[in-house]
Amino acid sequence: ENIDYPYMPRQINLSGNIVNFSIPENFSLDFPADDLVENLNINDQNAFAKNNSFTLLRRWWDFKDNSFFAKEVGTMMMTIHVYKTEDLSEDISHPVGFVKTLLLEMEKRSKDENKGRKGDDIIFFPEHYQSFIQLQYNNKNWLSSGAGTMYEKDKAFYYWIPVSQKNYLAVEFHFAPNSNISIRPFIDNYCRDMMEKIMSSFDIIYSSENTIKSKLENNSQLKLEQLIKELD
């Protein structure tokens, strides 16, 4: 049975920008996790030496069904990364500029992750403006999208938010259901509540000298859907 574990607060300091979120601590015993990176100087070029991203957290949870034997139904993995944007000409405080930046990253990722994959194993990453939706958690705008294989053997959900003019945060959820359940029911019946609870706990407190702070506030009313319509 899935007992309700308390959600415990966590904090990450990215050069004075504070990321708050909460997660339950009933982690999977099969995957020992590295400690959460609680402090990172995002202005340090070396942090992004490999692959322009830095992993701050990786955790796994196991889900069991409600049967008498409480059989394992699958595992969910959550990762948090901070990225350095490659193209500084894009203004990521604007939803369209942010989507452009994310599309570049997704294209790169598609190349990396699909090396050696064929046919049904190819992972499809977002490749259009329409692939993204805007979501709000604690009055901050996030962009969200997903990736997956053709027959959804693999599926991932992504959430992104700008942290500075040249950095953004990515929160990702990956799902590994056992063979006796397909991925959609696994996500809907077991993972979605927890994923939503975790995302709803995210709050970013920007440092006062961070120049993106006022820009994000000025752009907070912009609706991505509307902006995309205007692009056509």
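1. **Terms of burial.** Buried means under 20% relative accessible area, exposed means over 50%, and partly exposed lies in between (1.4 Å probe, protein chains only). Aspartate 121 is partly exposed, because its relative accessibility is 32%.

2. **What the model is.** This is a predicted model: local features need pLDDT of at least 70, side-chain atom pairs count only at pLDDT 80 or more, and totals for chains, interfaces and linings use all residues. Residues are numbered from 1 along each chain as its sequence is written, and side-chain values use heavy atoms, with hydrogens and water left out.

3. **Overall build.** The chain has four helices and eleven strands. The chain is as compact as a globular protein of its length, because its radius of gyration is 18 Å, close to the 17 Å that the globule rule gives for 232 residues. That radius is taken over C-alpha atoms, and the rule is 2.2 Å times the number of residues to the power 0.38. Helices (H or I, at least four residues) and strands (E, at least two) are DSSP runs, numbered from the N terminus. Along its principal axes, the C-alpha trace spans about 55 × 40 × 35 Å.

4. **Cover and contacts.** Of the 232 residues in the chain, 45% are buried. The chain exposes about 12500 Å². Carbon and sulfur atoms supply 49% of that area. Accessible areas come from the Shrake-Rupley method with a 1.4 Å probe; for residues, only the protein chains shown count as cover. Contact means heavy atoms within 4.5 Å. Among contacts between residues at least 6 apart in sequence, 62% join residues at least 24 apart.

5. **The open sheet.** Four strands form an open sheet in the order β3-β1-β2-β11, with mixed pairing. β3 (39-40) and β11 stand at the edges, each with a single partner strand, so one side of each has no neighbour in the sheet. Two strands pair if DSSP finds at least two bridges between them.

6. **Strand β2 and its partners.** β2 covers residues 17-24, and seven of its eight residues are buried. Strand β1 (residues 7-14) runs antiparallel to β2, and eight bridges join them. Across this pair, arginine 10 stands opposite phenylalanine 21. The hairpin of β1 and β2 has two residues between the strands, and serine 15 takes a positive phi near 50° there. Strand β11 (residues 203-205) is also antiparallel to β2, with three bridges. Isoleucine 18 has isoleucine 205 as its bridge partner in β11. Valine 19 is partnered with isoleucine 204.

7. **Arginine 109.** Where does arginine 109 lie? Its place is helix α1 (residues 95-113). Arginine 109 counts as buried because its relative accessible area is 11%. Leaving aside residues up to four places away in sequence, arginine 109 touches Tyr83, Asn114, Phe125, Tyr158, Glu172 and His174.

8. **Salt bridges.** How many salt bridges does a search of the whole structure find? It finds eleven. A salt bridge is a side-chain nitrogen of Lys or Arg within 4 Å of a carboxyl oxygen of Asp or Glu. One of them joins aspartate 112 to lysine 115, with the closest N and O atoms 3.9 Å apart. Aspartate 112 is partly exposed at 39% relative accessibility. Lysine 115 is exposed, with a relative accessible area of 64%.

9. **A link across the chain.** Aspartate 121 and lysine 153 meet in a salt bridge (2.9 Å, N to O). This pair links distant parts of the chain, 32 residues apart. Aspartate 121 is in the loop between α1 and β6 (123-124), and lysine 153 is in the loop between β8 and β9. Lysine 153 is exposed, because its relative accessible area is 56%.

10. Arginine 192 and aspartate 188 form a salt bridge (2.8 Å, N to O). Both lie in helix α2 (residues 183-200), four residues apart, about one turn of the helix. Arginine 192 is partly exposed at 31% relative accessible area. Aspartate 188 is partly exposed too, at 38%. Elsewhere, salt bridges that share partners join Arg109, Glu113 and Glu172 into one network.

11. **A nonpolar patch.** Phe124, Met150 and Tyr151 form a nonpolar patch on the surface, with about 390 Å² of accessible area together. Patches are made of residues with over 30% relative accessible area and no salt bridge: like charges are joined within 9 Å, nonpolar side chains (Val, Leu, Ile, Met, Phe, Trp, Tyr) within 5 Å. Methionine 150 sits in the loop between β8 (140-149) and β9 (155-164). Methionine 150 counts as exposed, because its relative accessibility is 52%.
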